[in-house]
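This report examines selected features of one protein chain. Please study the sequence and the structure shown below before reading on.

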Amino acid sequence: MASSAVKVTPALGLSIAIAALVLGSAAMVAARADSFALAPADLQALRFTLLQASLSAAVSSLLAIPVARALFRRRFPLRGALISLLAAPFVLPVVVAVMGLLTVFGRGGPINTGLAWFGLPEVSIFGLHGIVLANVFFNLPLATRMLLHGWQAIPAERFRLAQSLGLPPSAQFRHLEAPMLRARLPGIFAVILLICLASFAIALMLGGGPKASTLELAIYQSLRFEFDLGRAALLAAVQFALCAAITLAAARLTLPQGFGAGLSRHLQISAPNGWRRALDIIAVIVAAVFLFAPLLAVVIKGLPGLTTLPNGLWPAALRSVSVAIVSAVLATSAALILANGAAHSKSRMIELAAMLPLAASSLVLGTGLFLLVRPFIAPENLALAITILVNATLTLPYLFRLLLPEARQLQADYGRLTESLGLPRRTILRFVTLPRLARPLGYGAGLAAALSMGDLGVIALFAGDGGATLPLFVQHLIGAYRLQQAAAAALILVALSFVLFWAFDRLGSHYADA
C-alpha cells in the first residue's frame with residue numbers, strides 16, 4: 001500500500017504553530033477552570049461586555065454613514081488629508097486617547113464647563129457612556145473608511161445613469177446606496193463588535209466600578225489581585241468562545257453588492273445642494289472635531305510637563321520601543337511567510353490559521369501563557385518576551401490581510417516564470433518578492449510597531465514594579481492623579497508611536513523606489 005507524505009512548508013509549519021498557540025492557550029485556560037458555572041458577578045460582567053460592545057458597534061456604524069457619505073460626494077480643501085488622518089486612531093495608543101477624552105469630557109473640561117455655564121448637570125465620563133464614547137472614538141474612523149470604500153466601489157456610471165434619468169437623491173439612495181449599506185453594514189458591525197469585546201485598556205481606565213466591569217477586566221482582577229486561577233480561566237474561556245463566534249459570524253456577514261463592473265473611471269458626481277449640503281458640512285466638521293480635539297488636548301496639556309518629566313519614564317520608553325520593534329519584525333516576517341504560502345496553496349488552512357488570533361484577546365493568550373510558565377518560572381521574569389509574542393500574534397491578522405492580495409497578484413504575474421527558471425527561494429525573495437511587497441510590508445510593520453507601542457494588555461498582567469512599559473507607566477501616573485506628568489508622558493508616547501510608524505513606512509517606500 002502506497003503512502004504519501006505531506007510536505008511541511010514554512011507557511012504550513014508556522015500555521016500549525018499559530019494554531020497551537022491560540023488553541024493551546026484557550027485549552028489551557030479552559031482546563032484550569034474549577035467549574036463552568038458563572039457567578040452573579042461574572043454574569044454581570046458578561047452582560048456589560050455585550051452591552052457596551054453592542055452599543056459601541058451600533059453607534060460607530062450608524063454615525064459613520066453620514067460622515068462617509070459626505071466625504072464621498074463632497075470636494076473641499078484638505079479632504080485628502082482628512083481621509084488620510086482617519087487612520088490616526090489606529091496608531092494612537094489607547095492610554096493617550098483616554099487621556100485626551102478625559103481632558104475634553106472630564107470634570108473641568110470644556111464640555112462640562114459649557115454645561116455648567118448653561119446651568120446643566122455635568123456629565124461623568126466614567127461608566128458605560130464613557131466606555132462607549134472611547135470605543136466610538138477609536139472605531140468611528142474605521143467604520144467611516146470601510147463605508148467610504150463601499151461608496152467608492154459603486155461604479156460611477158451608475159450614479160451618472162441615475163442623474164441622467166432624473167432620479168432625485170432619495171431614489172438614488174434607495175437604488176444604489178442602500179444596497180451597498182445592506183451588504184457592508186452587518187460585516188462592519190461584527191468587526192467593531194469584536195474589537196470592542198477586547199477593549200481592556202478602555203474598561204480599565206473608564207470602568208468606574210463593579211457594575212461597569214468587562215470580562216477582560218474581570219480576568220485581570222482575578223489574576224492580578226485575587227489570584228483566583230479557576231475564575232480567571234473560566235472567564236477567559238467564555239471570552240474566547242464569544243470572540244470565536246463573532247469571528248465566524250463576521251466572515252459570513254459581508255455580502256457582495258451586486259452592482260456589476262464599471263469602467264474604473266473617476267467621474268465627478270454632482271452632489272445635491274440645499275439642506276443636504278448643510279448636513280454634509282455639519283457631519284464632516286463634527287467628526288473632525290470629535291476625533292482630533294482629544295489629541296490636541298493631550299498636546300496642549302502635555303507640553304508644559306515636558307520640563308518636569310517623572311523618574312522612570314525613559315527606561316519605560318526604552319522597553320516600549322524595544323518591544324514594539326521586535327514585535328513588528330516578528331509579525332511582519334510571519335505575515336510575509338503566511339501570505340506567500342496562502343498565495344501558492346489552494347487550501348484555505350493557512351488563511352484560517354492566520355486569521356485565528358482574531359478569536360483571542362490579549363488577556364486570553366496572556367492567561368494561557370501565564371498558566372503555562374508559572375510552574376517553571378516567575379511570570380514577571382518573562383513579561384517582555386510574552387508581551388512581544390502576544391503583540392506579534394494579535395497584529396498578524398491585520399498584516400496578513402494587507403499582504404495577501406499583493407502576494408496573490410505577485411504569484412499570478414511571476415509564479416510560472418520563477419518556477420520555469422528554477423530559481424532558489426532566497427533569490428525569489430530578494431529580487432522578486434521584497435521589491436514588490438516593500439510598500440505594504442513597510443506600512444504593515446509601522447502599523448504593528450505603533451499598535452505594540454501603545455498596548456496595555458498583557459504587560460499589565462505580567463509586569464512587576466520595575467518592568468512597566470510606557471503605556472503602563474502613564475496609566476500608573478493617571479491612577480496617582482499626576483495628570484500633568486501623565487499628559488507629558490502620553491505626549492512622548494504619541495511621538496514615539498508616530499516616529500516608529502513613519503520610520504517603517506518610509507523604509508518600505510525607500511526600498512520599493514530603490
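A residue is called buried when its relative accessible area is under 20%. The model discussed here is predicted.

## A salt-bridge network

With a relative accessibility of 9%, Arg74 falls under that limit and therefore counts as buried. Arg74 forms a salt bridge with Asp280, their closest N and O atoms lying 2.7 Å apart. Asp280 belongs to helix 13 and Arg74 to the loop between helix 2 and helix 3, so this pair ties together parts that are 206 residues apart in sequence.

Asp280 also forms a salt bridge with Arg73, at 2.8 Å between the closest N and O atoms. Because Arg73 lies in helix 2 and Asp280 in helix 13, the pair links parts 207 residues apart in sequence. Arg73 is buried at 14% relative accessibility, and Asp280 is buried at 6%. Through shared partners, the salt bridges join Arg73, Arg74 and Asp280 into one network.

Ser56 lies in helix 2, which covers residues 40-73. Its relative accessible area is 0%, so Ser56 is buried. The side chains of Ser56 and Asn135 are joined by a polar contact of 3.2 Å. Beyond its neighbours within four places in sequence, Ser56 is in contact with residues including Ile131, Val132 and Cys196.

## Covered and accessible regions

Helix 5 (residues 94-105) is mostly covered, with 10 of its 12 residues buried. Among them are Val95, Met99 and Phe105.

On the surface, Trp275, Leu279, Ile282 and Val286 form a nonpolar patch, with about 440 Å² of accessible area together. Val286 is located in helix 13 (residues 275-302).

Definitions and conventions
Residues are numbered from 1 along each chain as its sequence is written. This is a predicted model: local features need pLDDT of at least 70, side-chain atom pairs count only at pLDDT 80 or more; totals for chains, interfaces and linings use all residues. Side-chain values use heavy atoms; hydrogens and water are left out. Helices (H or I, at least four residues) and strands (E, at least two) are DSSP runs, numbered from the N terminus. Buried means under 20% relative accessible area, exposed over 50%, partly exposed in between (1.4 Å probe, protein chains only). A polar contact is a pair of N or O atoms within 3.5 Å; within protein, one must be able to donate a hydrogen and the other to accept it, and residues adjacent in sequence count only if both atoms are side-chain atoms. Contact means heavy atoms within 4.5 Å. Patches are made of residues with over 30% relative accessible area and no salt bridge: like charges are joined within 9 Å, nonpolar side chains (Val, Leu, Ile, Met, Phe, Trp, Tyr) within 5 Å. Accessible areas come from the Shrake-Rupley method with a 1.4 Å probe; for residues, only the protein chains shown count as cover. A salt bridge is a side-chain nitrogen of Lys or Arg within 4 Å of a carboxyl oxygen of Asp or Glu. The expected span of a helix is 1.5 Å times one less than its number of residues.
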